[in-house]
Amino acid sequence: MHVLKYVTTLESEISGKIQERFPPLTHRNAFHLFYEGQIPNVSYLLVDGFIKVYKKKKLIKELHKGSLVGLFELVKDKSARYMAQLSPKSKVCVLERSEILNILKNPEDPQHEMFKCILEDKLDS
Amino acid sequence: MPSKKEVQTNCLTCDSKEKGIFCHLQESDLEEISANKVTNIYKKGQTLFFQGNPPYGLYCMAKGKVKVSKIGNDGKESIVRIAVTGDVLGHRSLFTDEYYTATATAIEDSTICFIDKKYIIKSMKKNPVISFNIIEKLSRDLGAAEKKVASLFQKNVRERLAELLLLLKESYGIEESSGRWKLDIKLTREEMASMIGVANETLIRFMTEFKDEKLVEQEGKIIYIIDEQRLLEFADLYY
């Protein structure tokens with residue numbers, strides 16, 4: 001299976017909707033968002049800066065604005081197949097597990113369909 | 001790396017249940033917390049959170065040891081505390097909305113649960129007992145911080161080192177049949193020096209003195225306390 005199978009690049013309209021609900025936070029310092037083999041604590045939408053992706057300590061890709069990482073793993077309790085490191089001064093939206101589970105449980109939620117589609121797209125691919 | 005299924009994930013059967021902030025909750029509440037948390041194993045040297053970054057939630061120590069340290073402008077690290085089974089981390093930044101003022105790093109392979117900020121705030125409103133338990137943890141942290149400041153100002157290096165060894169014994173001491181206490185924690189000299197606010201060389205000099213006086217023994221990185229009574233006299237502690 002491809003290492004980055006569960007990384008999504010969102011269109012700016014969808015990214016904007018997520019930012020309205022999960023306001024972006026600036027990270028002053030470089031930080032490991034999660035290590036290879038871990039379940040991400042939260043999911044991250046990159047708004048500014050970049051995320052370095054490592055597999056077995058080897059840099060395999062740099063992700064840019066609009067990248068959504070860790071969502072599938074967080075919701076499905078799956079270990080990430082890579083390590084993600086955020087570069088200093090990057091901005092990310094932090095998508096909490098409890099909030100995502102609430103959105104997915106509640107069909108009345110305005111973002112229910114959007115998140116369902118993002119996740120189903122990954123399941124089908 | 002074990003998968004989540006292999007990692008201890010249920011709050012009901014967690015080894016640290018009786019020591020943590022959720023110990024007074026009913027089974028149904030614990031089940032709900034289990035469903036909303038993420039459990040991971042952090043290997044030695046891996047970071048939970050980093051100084052200067054925003055907090056996302058609360059970390060509960062199910063097993064292991066984590067050092068919480070601050071990096072000064074000169075790049076020097078000073079250890080604020082060592083968290084063990086049942087402790088929580090990140091709770092102070094959670095309620096002040098301040099960015100993390102310290103970095104948390106596993107000093108041995110540790111099983112740690114993460115609960116996001118929104119869920120923990122919601123749980124605190126629903127179960128005031130969680131709030132009380134967090135307040136208790138915060139009060140203890142404040143007490144320990146006050147004690148540390150007083151120690152740095154009022155005690156000399158010999159007294160501070162004796163105090164540190166006794167504190168480590170309280171948390172990580174294992175009594176051996178010979179009567180000596182093994183400190184079940186591997187700290188580097190730099191880490192120990194930073195905990196009592198001295199230079200590395202000073203710590204080495206005083207540790208050598210303690211060994212010469214048969215107060216402690218050392219085998220590799222493991223320290224053994226031989227004469228607790230005399231350390232208590234040096235440390236000027238009132239147990």
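1. In chain B, B:Glu191 is found in helix α6, which covers residues 189–196; helices here are DSSP runs of H or I with at least four residues, strands are runs of E with at least two, and both are numbered from the N terminus. The model is predicted, so local features need pLDDT of at least 70 and side-chain atom pairs count only at pLDDT 80 or more, whereas totals for chains, interfaces and linings use all residues. Residues are numbered from 1 along each chain as its sequence is written, chains are lettered from A in the order in which they are written, and side-chain values use heavy atoms, with hydrogens and water left out.

2. B:Glu191 counts as buried because its relative accessibility is 11%, where buried means under 20% relative accessible area, exposed over 50%, and partly exposed in between, with a 1.4 Å probe and protein chains only.

3. Setting aside neighbours within four places in sequence, B:Glu191 is in contact (heavy atoms within 4.5 Å) with B:Lys67, B:Glu77, B:Ile79, B:Ile107 and B:Lys186.

4. Turning to the whole chain, the secondary structure of chain B consists of eight helices and twelve strands, and 50% of its 239 residues count as buried. Of the contacts in chain B between residues at least 6 apart in sequence, 68% join residues at least 24 apart.

5. The C-alpha trace of chain B spans about 55 × 45 × 35 Å along its principal axes.
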